[in-house]
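Take a walk through this protein, one stop after another. Keep the sequence and the 3D view at hand.

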Amino acid sequence: MLVLGIESSCDETGLALVDTQDGLLGHTLHSQIKLHEEYGGVVPELASRDHIKNLLPLLHELLLKTNKSLKDIDIVAYTAGPGLQGALLVASSFAHGFAWSQALPLIPIHHLEGHLLSPMLSEPKLEFPFVALLVSGGHTQIMQVNGIGDYKLLGETLDDAAGEAFDKTAKILGLPYPGGAHLARLAKEGDASAFALPRPMKHSKDLNFSFSGLKTAVMNQYNKLAASEITQKNLADLAAATQEAIVDVLVHKVIEALKMTDSKRLVVAGGVGANQELRSRLKSETSKLGVEVYFPPLEFCTDNGAMIANAASERIKAGKVKLNKNYNQPVRANWPLEDINSFY
Ligand code: KG4
Ligand code: ZN
């Protein structure tokens, strides 16, 4: 069966075709980074309008690329939440209209489930159970994943997400939005030991995180520098120290979670999963425990349509979704992952 997946929950419009037998056939993506850059963050109304503008051209491009036609599509899946209400409505409305016009089943997908299962795009044989570290611009969670739709939250951030910590500190250092990848690039030239930054909640007795204090600490360090000291070298050192502080806490808590659950598999998903420092630290620390670590391919770390089509395909194969033709399903801007099965 051929599944069309559509993502428009934030600032990426993504479409993909996944065959339930053969996997990913192709995907198309438009990032709105340029659009939001001058505002230093996502402007929801602009995001919605841009999704509307790009969805159809991306669909045409996808069909051309995969040599398929609209008639070949058997099932329509879309991100129903969580995300920006207006942005979510774009994929949802299109999916409803298209599925209705062709009398196709419609599958709403939880955005975070899309991220959680995204390593399957390159590792179709990934087995349950596993521990998942979900690190994006909006979420930082450690989860025990026992099967499709069976997710137990082990810990999460109490304030800023890891991606937010990257983005907000990058902004302090004068880097463009979204700052995560820019900060990581600058950090490569820096010496992390040049500035002492805190490791918030590293030794708390739980698996929760707190990153909001870190940006204040970076701000304080930055403000201590005289104008003549705002050099490329100092900025790179501060970027390296920031990245190390974030990565250090993430790695520490994940290792704790793996020990606590006695897990032998770790999945890392979400935009911050693209961070090379995080990847290499996790690889070396998990190998000491005999744990295998899975990362989605870099292009599927940040938001995309492939992870949505893939999640729908996995649900279909596992028999975890009713293929009904309900063309009146709401979007859920706030949709807790623990509440995921209430939709199916
Ligand atoms: O998963 P995602 O595309 O969107 C959300 O659902 O939030 O993640 C975006 C986040 C942003 O905060 C971005 O700065 C961060 O992922 N990010 C990175 C890197 N690439 C993207 N953070 C650190 N290092 C990177 N290389
Ligand atoms: Zn995301």
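Thr 66 counts as buried, because its relative accessibility is 12%, and buried means under 20%. The model is a predicted one. Thr 66 belongs to helix α2. What does Thr 66 touch, leaving aside its neighbours within four places in sequence? Its contacts are Leu 17, Leu 25 and Gly 26. Leu 17 is 49 residues away from Thr 66 along the chain. Even so, the C-alpha atoms of the two are separated by 8.0 Å.

Now take in helix α2 itself. It runs over residues 44-66 and has 23 residues. From the first C-alpha to the last it reaches 31 Å, close to the 33 Å expected at 1.5 Å a residue. The helix is bent by about 35° at Asn 54. A proline, Pro 57, follows within four residues. Asn 54 is one of the buried residues of α2, and these also include Asp 50, His 51, Leu 55 and Leu 58.

Next, the metal site. The zinc ion (ligand 2) has three protein donors: His 111 (NE2), His 115 (NE2) and Asp 303 (OD). They lie 2.1 to 2.2 Å from the ion. Along the chain, the donors follow the spacing H-x3-H-x187-D. His 111 and His 115 both sit in helix α4 (residues 111-117). They are 4 residues apart there, about one turn of the helix. In an α-helix a turn takes 3.6 residues, so residues three or four places apart point the same way. Both His 111 and His 115 are buried. Why is the arrangement around the zinc ion (ligand 2) irregular? The 4 donor atoms subtend angles of 93 to 144°, and a tetrahedral set needs all angles between 85 and 135 degrees.

Last, the cysteines. How many disulfides does a search of the whole structure find? The count is 0. The sulfur of Cys 10 has its closest cysteine sulfur in Cys 301, 16 Å away, so the two are too far apart for a bond. Cys 10 counts as partly exposed because its relative accessibility is 25%. Cys 301 counts as buried, because its value is 0%.

Methods. Residues are numbered from 1 along each chain as its sequence is written. Chains are lettered from A and ligands numbered from 1 in the order in which they are written. This is a predicted model: local features need pLDDT of at least 70, side-chain atom pairs count only at pLDDT 80 or more; totals for chains, interfaces and linings use all residues. Side-chain values use heavy atoms; hydrogens and water are left out. Donors are N, O and S atoms within 2.8 Å of the metal (3.2 Å for Na, K and Ca); water is not among the atoms, so sites may look incomplete. Four donors count as tetrahedral if all angles lie between 85 and 135 degrees; four count as square planar and six as octahedral if opposite donors are over 155 degrees apart and all others between 65 and 115; anything else is irregular. Helices (H or I, at least four residues) and strands (E, at least two) are DSSP runs, numbered from the N terminus. Buried means under 20% relative accessible area, exposed over 50%, partly exposed in between (1.4 Å probe, protein chains only). The expected span of a helix is 1.5 Å times one less than its number of residues. The bend at a residue is the angle between axes fitted to the seven residues ending there and the seven starting there. A disulfide is a pair of cysteine sulfur atoms within 2.5 Å. Contact means heavy atoms within 4.5 Å.
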